[in-house]
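Here is my note on this model. Please read the points with the structure open.

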Amino acid sequence: GAGGVTIAEALHAAAEAHAAHGALQDCLRATEEALDLYIGLKDKRMEARELLFMAAWNLESRRPEAAVADAEDAMEIFRDLQSPHEAEACDILAGALLVAGA
């Protein structure tokens, strides 16, 4: 319920703080935990948002294959939700594919 959402939001905030300090492994770990909570809560919009952040941070961590997978998953969810964020996911996916050499 609401407690899970609060924890997931706190984990996301922690992830952003880690990213700001260049601690990308800690950032990705916190984002993964938030993602798992949103999946458990069946909150597709927030699940896709976390996937999008993971894609961007995986790209920054020079892990383009992981970024491609996360961006594809986010794009699919945003498409299902008819969300304007689908374009953002598409941009990150394109960047990740470029770096991956696909």
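1. A term to begin with: contact means heavy atoms within 4.5 Å. By that rule, Glu-50 touches His-12, Thr-31, Ala-34, Leu-35 and Tyr-38, leaving out residues up to four places away in sequence.

2. On the source: this is a predicted model, where local features need pLDDT of at least 70, side-chain atom pairs count only at pLDDT 80 or more, and totals for chains, interfaces and linings use all residues. Residues are numbered from 1 along each chain as its sequence is written, and side-chain values use heavy atoms, without hydrogens and water.

3. The chain has five helices and zero strands. Helices (H or I, at least four residues) and strands (E, at least two) are DSSP runs, numbered from the N terminus. Read from that end, the order is α-α-α-α-α.

4. Where does Glu-50 lie? It sits in helix α3, residues 44-60. Is Glu-50 buried or exposed? Glu-50 is buried, because its relative accessible area is 0%. Buried means under 20% relative accessible area, exposed over 50%, and partly exposed in between (1.4 Å probe, protein chains only).

5. Across the chain, buried residues make up 38% of the 102 residues. The C-alpha atoms fill a box of roughly 40 × 35 × 15 Å along the principal axes.
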